[in-house]
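These are my notes from a first pass through the model.

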Amino acid sequence: MSNFMIAYFFLLIAACCTAAYYQYRTALLLLFSLVCVSLLAGLLGGESVLINITIAIALLAASAGLAYSFRETLIQILPRGGAKLMRTAPLTASFGLLLIIIYIIAAVFAPIIAPYGEAEVIAGAFAPPDEVMILGGDQLGRDLFSRLVYGARNTVGIALMTTAIAFVVGTVAGLSAAVLGGWIDQVLGRIVDTLMAIPQLIFALLLLTIVGTSVINLTLVIALLYSPLIFRLARAVAGNIVVMDYIEAARLRGESTWYLVIKEVLPNATAPLAAEFGLRFCFVFLAISALSFLGLGIQPPTADWGSMVRENATLISFGEITPLIPAAAIALLTVSVNFVVDWMLHISSGLKE
Amino acid sequence: MSGVMGLIVKRLGLGLVTLLVVSIIIFGAVEMLPGDLAQQILGQSATEETVAQLREDLGLNRPAFVRYFEWLGGAVQGDFGVSLANNRSVAEQLAPRFANTLFLAGLAAVIAVPLAIGLGVMAALYRNSVFDRVANVVSLGAISSPEFFLGYILIVFLAVQNQVFPAISNVSGDMDFGTRLYRSMLPALTMTLVVTAYMMRMTRAAIINLLASPYIEMARLKGVSRSQVITRHALPNALAPIINVVALNLAYLITGVVLVEVVFVYPGVGQLLVDSVTKRDFPVVQACCLVFAATFILFNLIADVGAILSNPRLRHPK
Amino acid sequence: MADEKSVLLTVKDLRIEGYSDEKWIEIVHGVDLTLHRGEVMGLIGESGAGKSTIGLAAMGFTRDGCRISNGTVEFDGMELTSATRSERRALRGSRIAYVAQSAAASFNPAHKLIDQHTEAPLLHKIDTKDESTKDAIELYRRLRLPNPEEIGFRYPHQVSGGQLQRAMTAMAMACRPDLIIFDEPTTALDVTTQIEVLAAIRDIVDQFNTAALYITHDLAVVAQMADRIKVLLKGDEVEEAETRKMLEDPQEEYTKTLWAVRSFKRKPKPAPKKDETPLVTVRNVSAAYGDTKVLDDVSFDIYRGRTVAVVGESGSGKSTTARCITGLLPPIGGEILFDGKVLPPRYQDRTKDQLRQAQMIYQMADTALNPKKKIGEIIGRPIEFYSGVTGAELKKRVDQLLDQIELEPSLYYHRLPSELSGGQKQRIGIARALAAEPAFIICDEVTSALDQLVAEGILRLLDKLQKDLNLAYMFITHDLATVRSIADEVVVMKEGKVVEQGPKDVMFKPPHHEYTDLLLSSVPEMDPDWLSNLLDERGVDNIGEAANKS
């Protein structure tokens, strides 16, 4: 048994006992489950697994600490309303918020942050990391880090645009269907049902085969395929609003459909729609990344995380984690958005009670 | 029961109509190609005569609806035409791969369904506990990760660093069940991760919704014990939402298979579809899409029919 | 029952906290309660008074997200807050039972009534399945349920609401408990059904000498049911007394406002001239939702400056008539005339001026005002829309309207509806209707969601506005006190038909039409003897029949 393992278990058990002694129920339960998992993992996988667990815990602790200090800083510097809001944020949400801000900065200032150009070949294929290229080179010898930064701009930008298009189309159609009712509502509902009867990814593959892969085609196809989901939500939300008496009062006043949709229904639908925007962005983002990964999305030499995973995939079999980095960048962003959306949904559901 | 049967027949009919419309969309999409199929296959440099010749061979001179019914009639009998890439029958290529895909999805479902329902019910019963919170964060993480990310992580840990399972799942028809299981394990686990997360969250929401019903409170106020409240009052009513959750997730599983098959080079329909899309092999693409769409519609249908059958209000009409 | 007066339940300094916004907030602030064997205590208060929470706490139960933070609940010598889970469980269902507000939601949809009925007796090992089934049928019979032999073998959704509520009372009685908690058992029912359930509950509680906590917000109901009444406000006790004493001589200011009987009575107006054209005429109107006919040949007139009250139970077609008049539901037969001219049946086809002339005030002010708009915008929009006035002129008009509804303009102009009380919101609804400068206003149950005193204020305001502006009202209501105080003519509706109509004075004097009589007499009155007298008058067995016919 190595010193590391002895120290590992000793520390863990000590922490367990401390938690037990001070009656920290949550901490005790977590720590003890960790002891069990570690015993099992240590037995099966040996020291290397334990080292991985330690790294994971350290990473988690670091992120939690970061999230905590970020939240507390925001509480200090924001005006009163914002500070009050931040106080209700769980650590996950504050972590998500921080990461989203980092992504936005990376996307906006990509040319300043990235040391090299997007398609600039500066070294041999799969060059190992050094002082110049902190993450090494890719299959053509381009700087991985630079491409990662530019990828934020391309991948996130395209996903945002796609979501926005899907959203405008879906929301306008959904709210109008609810307000107009009758056969328009029926027809739109049927169209949407049919569009949703084909799995989105499959449908996207089919359409992209036909229209060919370009950024514009990709954006339009994905927007078309995801707008039915937004339509459904907007229709459902608005469905609850149009039965309200104030809508009836406005109708009986003789207001136009446009006024009803924009001035009476939309203001009351913004909160659920905003949360939905976050969720849908995640789905769209994942779908675009998936298509890029399959080689049918954003085309080279444009830096894009999905394609970067695909281009570097061969390294996996050598135990290199290089292709995991862009994949992790995708996962981290979606997780962050989901965390923030989760928090938003929690707040809005709390307000209802 | 006639009311329920009526509802189910209606629902089945609607499913069939949907499938028909979807088949029209799939067929029509290829019709919308700029120029036509013959032009597409031969490219811009082809002469008029060769294009016309191919058009003749493929029967493109006949009206679209005639070809549609031929195509549909063939598809119903299991004949999807001939591949453009290698002139082999599409059905011949598709059949073994479809079996592989079903095996993979089935394996993932066998692991994921009990796991997800168990975890979901636990999270609902002990909501806001440590377990619930950890489960919430972990499942959110799994849902947010692209399938290929999870797949590669599993490869790094279970195939490269520790050689537990093979990274490449080359299964074939003549393999015995054990080997097949062993080779399909990593892709199945990847899919399990995603689907379990979804299913668990949906189960949790459904059960929490159920436990908030006044009749559950009533049962507790009659002095029924916690475990009996669950078995006698919650479970009979939980069946409907759980069947729904499972069927919807199996539908998702069938389509989620595409990415996972590519990551693990698993010889399934998803892999075939992606290959054919790259080669612009339209008959194969159409066939794969139709198969995926039909399975997807089928599971959504099962979800609806299950919901009808497990609803006591519909089972015992007035 | 050795000692009639022995104490059954003692609650001392009960404090309950609810979890919201990540912290515990006290929602019941130290309530005491003593209940003797066989005694019925009424707990009364508005929503948010903590009545249900206290009722459940009497069983040692708190809902999720609530906890008892202090105090004791002693039931027949046993302290429930410190008792173990299984000890408390042994009491529930067997010695303390609960009857919930919504029987439809509180019966498990997956099991037959009888199986749910026998669950508690079997669980607490009080009865065998057969015995308990027999007893259930006996209880169903005593509660005057139709087909007592077989009704238990149905599923909840196959039984009507009033019957379910009685089946739930039977279920609570299954183990012959010492105490039953009734949590608003008749709130969701129509008046004629309510009577049956009230009579049935009172009878059975009497027969078995069961003690009860009767929770409700309806004073007239509690006056019939309770021996003693405790008044609650926002988790605090206001006062407690014997029912008669409480009704005759309330001590606290808050109780007095609750008890305030409508003092508002309006002088009768002279009948309209013979040759006067009615402002609104509903002529032979029939309407349907899909294939279901909901209005059948409805006719009545409304004259300028006068009020027509339309009375009936839910489903009688009162609101549908209003929808036909406004054009939301085009009638399948008949027509609506305004000032002698036929109106287009669909509101979409009416002119701006026709729409302006008829306005509506709604029952729920919460859903009638857009929560995202400021008061100024809500009232200003009709003015702007119909007269095109904008800017400072518009602001001036809005201020005038706020003055008219007796709200200070500078205080309310920039507020959101959520920052207003129920009565104030209803006033804003009135101002929005007035902003269109109409000749005719439909008031749909405008006072039924409000407290007595607030409601009276609204009625006075409406009356004043009618005099000042010569408005015609169509007043949809089920509350007779409202009808008495404000109506000139009364129209009684049932199942889509007009049963009887005429001037108020004539309508309130016998002889009535059979249904008018049933309806008028079924609305509970504050007199504690009202139910007993009524039952004597109708004959015990008749009340069920009379109501079942409806």
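I began with chain C and counted 23 helices and 20 strands. Helices (H or I, at least four residues) and strands (E, at least two) are DSSP runs, numbered from the N terminus. I then looked up the extent of the chain C C-alpha trace, which spans about 75 × 50 × 45 Å along its principal axes.

A note on conventions. This is a predicted model, where local features need pLDDT of at least 70, side-chain atom pairs count only at pLDDT 80 or more, and totals for chains, interfaces and linings use all residues. Residues are numbered from 1 along each chain as its sequence is written, chains are lettered from A and ligands numbered from 1 in the order in which they are written, and side-chain values use heavy atoms, with hydrogens and water left out.

**Chain C against chain B**

I asked how many residues each chain gives to the contact. Chain C gives 28 and chain B gives 22; contact means heavy atoms within 4.5 Å. The two chains bury about 2400 Å² between them, with 57% of it on carbon and sulfur atoms. Buried area is the accessible area (1.4 Å probe) that two parts lose on being put together, summed over both. On the chain C side, Pro109(C), Glu119(C) and His157(C) lose the most area to chain B, together 25% of what that side buries.

Next I looked for charged pairs. The rule finds three salt bridges across the interface of chain C and chain B. A salt bridge is a side-chain nitrogen of Lys or Arg within 4 Å of a carboxyl oxygen of Asp or Glu. Glu119(C) forms a salt bridge with Arg232(B), with the closest N and O atoms 2.9 Å apart. Between chain C and chain B I also found eleven residue pairs in polar contact, both residues at pLDDT 80 or more. A polar contact is a pair of N or O atoms within 3.5 Å; within protein, one must be able to donate a hydrogen and the other to accept it, and residues adjacent in sequence count only if both atoms are side-chain atoms.

Which element gives the largest share of the chain C side? H4(C) does, with four residues. By class, that side has 14 nonpolar, eight polar and six charged residues. Here Ala, Val, Leu, Ile, Met, Phe, Trp, Tyr, Cys and Pro count as nonpolar, Asp, Glu, Lys and Arg as charged, and the others, Gly among them, as polar.

**Chain B against chain A**

I turned to the other contact of chain B. It takes 48 residues from chain B and 43 residues from chain A. The buried area is about 3800 Å², and carbon and sulfur atoms give 83% of it. I counted zero salt bridges between chain B and chain A. Three residue pairs are in polar contact across this interface. H7(B) gives the most to the chain B side, with nine residues. That side divides into 38 nonpolar, eight polar and two charged residues.

**Inside chain B**

Chain B is divided into domain 1 (2-76) and domain 2 (95-315); the bounds come from an automatic or database domain assignment. Their contact takes 18 residues from domain 1 and 15 residues from domain 2. The centres of the two domains are 32 Å apart, taken over C-alpha atoms. Together they bury about 1500 Å², 83% of it on carbon and sulfur atoms. Val4(B), Arg11(B) and Ile26(B) supply 31% of the area that domain 1 buries against domain 2.

I found one salt bridge between these domains. Arg11(B) pairs with Asp304(B), N to O at 2.5 Å. Asp304(B) lies in helix H13 and Arg11(B) in helix H1 of chain B, so the pair ties together parts that are 293 residues apart in sequence.

**Chain A and the total**

Chain A is assigned domain 1 (3-69) and domain 2 (144-349). Their centres are separated by 39 Å. Last, I searched the whole structure and found 51 salt bridges over all chains.
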